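I am opening this notebook to record what I looked up, entry by entry, in a structure that is new to me.

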Amino acid sequence: MKATYLNSKHKDLGGFMVDFSGWEMPLHYGSQLNEHNEVRTNVGIFDVSHMAVFDLDGEKQQDFLRFLLPNDIKKINGQNKALYSPMLNYEGGILDDLIVYYLGNKSFRIVSNCATREKNLSWLSKIAEPFNVGIDFKSDYSILALQGPNSHKFIKSYIEKDISKFSVCNTDDVMIASTGYTGELGYEIICDQEKGIKFWNNFISNDVQPIGLAARDTLRLEAGLNLYGTDMDQTNTPYDSNIGWTIDLNDIDRDFIGKNALKEKKDSKKILKGFYTEERGVLRGGAEVIFEGGSGVVTSGTWSPTFKKNIGFCRVDKNCGEIGSAVLRDKKITLKFSNTNFLESLK
Amino acid sequence: MSDNEKNLKFLDSHEWARDDDGVVTVGISNHAQELLGDIVYVELPQIGSNVSQKDGVAIVESVKAASDVYSPLTGEIVEINEKLSDSPEIINSSPYKDGWFFKVKPQNINELDEMLDSDAYKKLSEE
């Protein structure tokens, strides 16, 4: 199994290690509920170095990214910002979702998911070739995520000035960006392993709680953030995955991969909705959801530590109405459809 | 292993049982609660219901997964741990004491002998 450079640290901290897409990663360090609550109310640190970092090289990086992605990197033109986008195939299917960071000096960095590392490397290299853009896979980089309402207190000594949401600060080969996967104020730190281990040790010695993948999943679900491979994959488009907003058609002259195919898929009958129920028991991925006139399927479901009820995402028809039902252990339970961002819809 | 744990009998499906003067208390093992992680729901059997050996009679659900809890013996459910409905986390913190699930009055107490002793269970759960 592959391991991040912090593997032994996780074990020392009592991490319950599991196989995650071929990587030995901490699921939790004792209680995923405590970890979840710590991030919602205070601060926590995640090792997400299993994700993939690709640094671009060459004159035409922006042209390449404008062709590669449906979201338009021109939006952040010259600003030290980050941009979320899915990456599509020519049929408009979602290959992955990722964040592009502007590092300054006309240079960009892509951070994408773990399970798609190798596939993305070959796809990016293929698409980048005609643009003479090089793809440097930083496979041994450190990615830490410091997340929670008090995260700023622990990061402020490392950044020159306060950075607003989706901003990037890149100095001395340490990139700190105000991005994350929890719905909280937070920062992601990308640097080499030597520096990464210093950051990690510093946070841990200041009593920042390490957070495992189990809490990462409940945090992202409450925040309405999709998980690639679970809530969407190549058989889906941004339109049926609640991320239609990433398709930027403002520049009518811009061509990007999947653009033509998406024109026909724009009126997708299916959408990704949130649901919650007050009833006992957790509806999990794969469960069938029934509503008047049709049915759909749960893509992710969990017990929400913040709202103390069963929440999830489901792919259903646009006209699913407000109420649905499902069968859980031979019992019919009633669901309410909602916005996927439960931090908004249930607050 | 605690003394408490040594006196218990186990199923390979991770339930424990203890004979208290002819009434058998049943719960899930420490290993099982570790595997499940934070427990959020429990469904318990009805008091007075008749159960058969290896019937799924309760359900324990963590944030991660749901799992059946089997009765190690045939008999009648005579008591359930009502505290678990509101505070299922007791199972995580005290699987062998406060986190018990139900008590069964067995038809045949000798069915306990078919269960694993704590050493055999420990060996199995370490595999």
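This is a predicted model: local features need pLDDT of at least 70, side-chain atom pairs count only at pLDDT 80 or more; totals for chains, interfaces and linings use all residues.

The C-alpha centres of domain 1 and domain 3 of chain A lie 30 Å apart.

For the bounds, I noted that chain A is divided into domain 1 (2-49 + 141-222), domain 2 (53-123 + 237-267) and domain 3 (269-345).

Next I turned to the contact between the chains, where twelve residues of chain A are in contact with nine residues of chain B. Helix 2 and helix 7 of chain A, together with strand 17 (294-304) of chain A, each supply at least two residues of the side that touches chain B. By class, I list that side of chain A as four nonpolar, six polar and two charged residues.

My last entry concerns strand 6 (residues 82-88) of chain A, which is largely enclosed by the rest of the structure because six of its seven residues are buried. Strand 6 runs antiparallel to strand 7 (residues 94-104) of chain A, and seven bridges join the two. Across this pairing, I found Pro86(A) standing opposite Asp97(A) in strand 7. The hairpin of strand 6 and strand 7 has five residues between the strands, and there Gly92(A) takes a positive phi near 85 degrees.

Key
Residues are numbered from 1 along each chain as its sequence is written. Chains are lettered from A and ligands numbered from 1 in the order in which they are written. A residue is buried if 20 or more other C-beta atoms lie within 10 Å of its own, exposed if 12 or fewer, and partly exposed in between; C-beta atoms are placed from the backbone. Helices (H or I, at least four residues) and strands (E, at least two) are DSSP runs, numbered from the N terminus. Two strands pair if DSSP finds at least two bridges between them. Domain bounds come from an automatic or database domain assignment. Two residues are in contact if their C-beta atoms, placed from the backbone, lie within 7 Å. Ala, Val, Leu, Ile, Met, Phe, Trp, Tyr, Cys and Pro count as nonpolar, Asp, Glu, Lys and Arg as charged, and the others, Gly among them, as polar.
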